[in-house]
Amino acid sequence: MRIVLLGAPGSGKGTQAKTLMAEKNIPQISTGDMLRAAVSAGSCFGLQAKSTIDAGNLVSDDIMLGVISERLGQPDAQDGFILDGFPRTEQQAFDLSDLLDQLDQPLDAAVLMDVGFDILMKRLTGRRTCSLTGKLLNIYYSSQAELDECLDAGGELIHRLDDNEEVIENRLAVYRRKTEPLVDYFRSRGKLVTVDADGTIDEVYDRFRKVLGMDVGSD
Ligand code: AMP
């Protein structure tokens, strides 16, 4: 299975990708995670990207093409992948199409995670990551027991620098301007499926499986 996850920041792409990755045994390729890893590693490229990411702007298409070509060429991506956060611009969509043509790996679907603005805000401002396990949590939606599990084990609930309100507003504006047009791009190529992404993680995942034809009785 080769899919792209489309949707605004906070629409739940990463959360659903992780569940799907576990079920289908294919990698979640999150360009945001890859960029944050480069920043943490302190590489020259990471340091250049840091201010762009912290401001909620997009890293250049040229750089992203390099990042994604390298990643899609790795052995674990040969039997399928879930692209989470790429493509984000029309140019990236063209680049991805060329790349997948070269690799002879056609895309199965682009899944749009559809969710309203108010919910996005709450999901983003409340989002935390457990420093020990990397588990995604939310101070508004996770149970106290889940939050305590991380804290009691000595972990911290990390708040991403770009998850503050001002930067979030910019990220959502960038999404509308640069990424939302990709909905029509994939629709016109017959690849778009839409999931109502308002609900619990399990509810959304059930819908997700359905639109991807993974419901009971198929694979
Ligand atoms: P994410 O974790 O997907 O929300 O990405 C965090 C940040 O990484 C974004 O706000 C951008 O600054 C950068 N980023 C991630 N993916 C891309 C991409 N495909 N193109 C450009 N910038 C990206």
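1. In which loop does P87 lie? P87 is in the loop between β3 (81-84) and α5 (90-103); helices (H or I, at least four residues) and strands (E, at least two) are DSSP runs numbered from the N terminus. A cis peptide bond, with omega at about 0 degrees, joins F86 and P87.

2. The model is predicted: local features need pLDDT of at least 70, side-chain atom pairs count only at pLDDT 80 or more, and totals for chains, interfaces and linings use all residues. Residues are numbered from 1 along each chain as its sequence is written, and side-chain values use heavy atoms, with hydrogens and water left out.

3. A further backbone point concerns N25, which has a positive phi of about 60 degrees although it is not a glycine. N25 belongs to the loop between α1 (13-24) and β2 (28-30).

4. Helix α2 (residues 31-41) packs with helix α3 (residues 44-54) at an angle of about 120 degrees, and their axes are 8 Å apart. Here axes are lines fitted to C-alpha atoms, for helices over the stretch in contact, and angles run from 0 to 180 degrees between N-to-C directions. That angle makes α2 oblique to α3 (under 35 degrees counts as roughly parallel, over 145 as roughly antiparallel, 65 to 115 as roughly perpendicular and the rest as oblique). L35, A38 and V39 of α2 and F45, G46, K50 and I53 of α3 make the contact, meaning heavy atoms within 4.5 Å. These residues comprise five nonpolar, one polar and one charged (Ala, Val, Leu, Ile, Met, Phe, Trp, Tyr, Cys and Pro count as nonpolar, Asp, Glu, Lys and Arg as charged, and the others, Gly among them, as polar).

5. Helix α4 (residues 61-72) and α5 pack at an angle of about 30 degrees, with axes 10 Å apart. This makes α4 roughly parallel to α5. From α4, D61, M64, L65, I68, S69 and L72 meet Q91, Q92, D95, L96, L99, L100 and L103 of α5. By class, the contact of α4 with α5 has eight nonpolar, three polar and two charged residues.

6. The ligand is surrounded by 16 residues, of which T31, R36, N57, G85 and Q92 are the closest; a residue is counted if one of its heavy atoms lies within 4 Å. Polar contacts are pairs of N or O atoms within 3.5 Å. A polar side-chain atom of R36 lies 2.9 Å from an oxygen atom of the ligand, and a polar backbone atom of G85 is 2.9 Å from a ligand nitrogen atom. An N or O atom in the side chain of R171 is 3.3 Å from an oxygen atom of the ligand.

Methods
Polar contact = N/O pair within 3.5 Å; in protein donor to acceptor, adjacent residues only side chain to side chain.
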